[in-house]
Amino acid sequence: MSQKTIRSAVVIGAGAAGLSAASILTQAGHDVLVLEARDRTGGRLLSAPAGSLDLGGTWFWDDERHVHSLLTESGLGSFPQHTHGDAVYQDKDGVQRLSGNPVDARSNRFTTGAASLTDALAATLPTGSVRLATPATAIRTGTTDSPGLTVHTADTVIQAEHVVLAVPPALALAHIDFDDRLPADLVRIAATTPVWMGSTIKVVVQYTDAFWRRDGLAGAAFSRTGPLQEVHDMSGPDGRPAALFGFAHASAFHQAGPDFPAAVTRQLTQLFGPQATHPLALHFRDWSTQRWTSPHNVAQLTDYSLFGHHLYQRPALDGRLHWASTETARNYAGHIEGALASGSRAAHAILHALPDPNQQPAAALP
């Protein structure tokens, strides 16, 4: 009778946090399986068909070492966010041009889109180690005879020494049955932690060229009337492809219904002039309705002080269940950096707990 294989780790979620953890563990020689509920990797890193146009996470900053390390290792390129020019401000009284750009801060973008980061991480994993369209449904603790954890999906049960929960904590509680084994204080914190981008609609509007730059505008705007609450330049390197992007609250999107694209175009025309009337394409992502991003009550999760909570910094279930998502990062929570850092934290906690698979056993005494 063959012995059942127990994996070193099962990672739930193939976004930046999960793939970062899986990559570190795999490179250390451990047997890792990644389960992803979506039919793609990337999580909340998602690029539109034009490549560099991001419908999810977009920016990174100069002091974010995990992002910079990944860029160096993968050979991916980056460029500064366009901020030069004047911004505009919109309220019920109309549109006002501001001198300079108080809307944008200095930041950086990914030349081929943020999703290229998770593509690069996924490429470091062995073939077959990422299972798409495979949501985890339950996690069970082991027994004295069979320690570890078991992860259940619709049709399989996988045994693992450790599990990395690389999804928003509130989402994990909404979709995974923990058999009431998690501590009550941890459940309370996880159930009420907001989901980064969870109540956000991100809109990318593509044009033939970045015409606003010719008018001395930065492509940046702040609005009190909407539907977009803020707008930024999302053009690629050297202004191509040319695009603007903005954030709208989910409630504004749902109230507008099928008129939302027309409302966005009207607003951009008010902000940047008649050339904004005829976009090449309009892409948007309603993250609030994405089943594998946001629980049904995501709009009620508003206490952002829970990001990076101390309970996420230590493993649960006898030290075998590790939290990894940008919401759990002690620093840079809500950033791509926070996701990568949380994945690294979880991976190194597992490496500390497991024996080195590359270490040769000591020779027996004669």
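Analyst: Helices here are DSSP runs of H or I with at least four residues, numbered from the N terminus, and their axes are lines fitted to C-alpha atoms over the stretch in contact, with angles running from 0 to 180 degrees between N-to-C directions. The model is predicted, so local features need pLDDT of at least 70 and side-chain atom pairs count only at pLDDT 80 or more, while totals for chains, interfaces and linings use all residues. Residues are numbered from 1 along each chain as its sequence is written, and side-chain values use heavy atoms, with hydrogens and water left out.

Helix α1, residues 16-27, packs against helix α3, residues 115-122, at an angle of about 25°, and their axes lie 9 Å apart. The two helices are therefore roughly parallel, a term for angles under 35 degrees. In contact (heavy atoms within 4.5 Å), A16, L19, S20 and S23 of α1 meet T118, L121 and A122 of α3. The residues of this contact divide into 4 nonpolar, 3 polar and no charged, where Ala, Val, Leu, Ile, Met, Phe, Trp, Tyr, Cys and Pro count as nonpolar, Asp, Glu, Lys and Arg as charged, and the others, Gly among them, as polar.

Definitions and conventions: Parallel < 35°, antiparallel > 145°, perpendicular 65-115°, else oblique.
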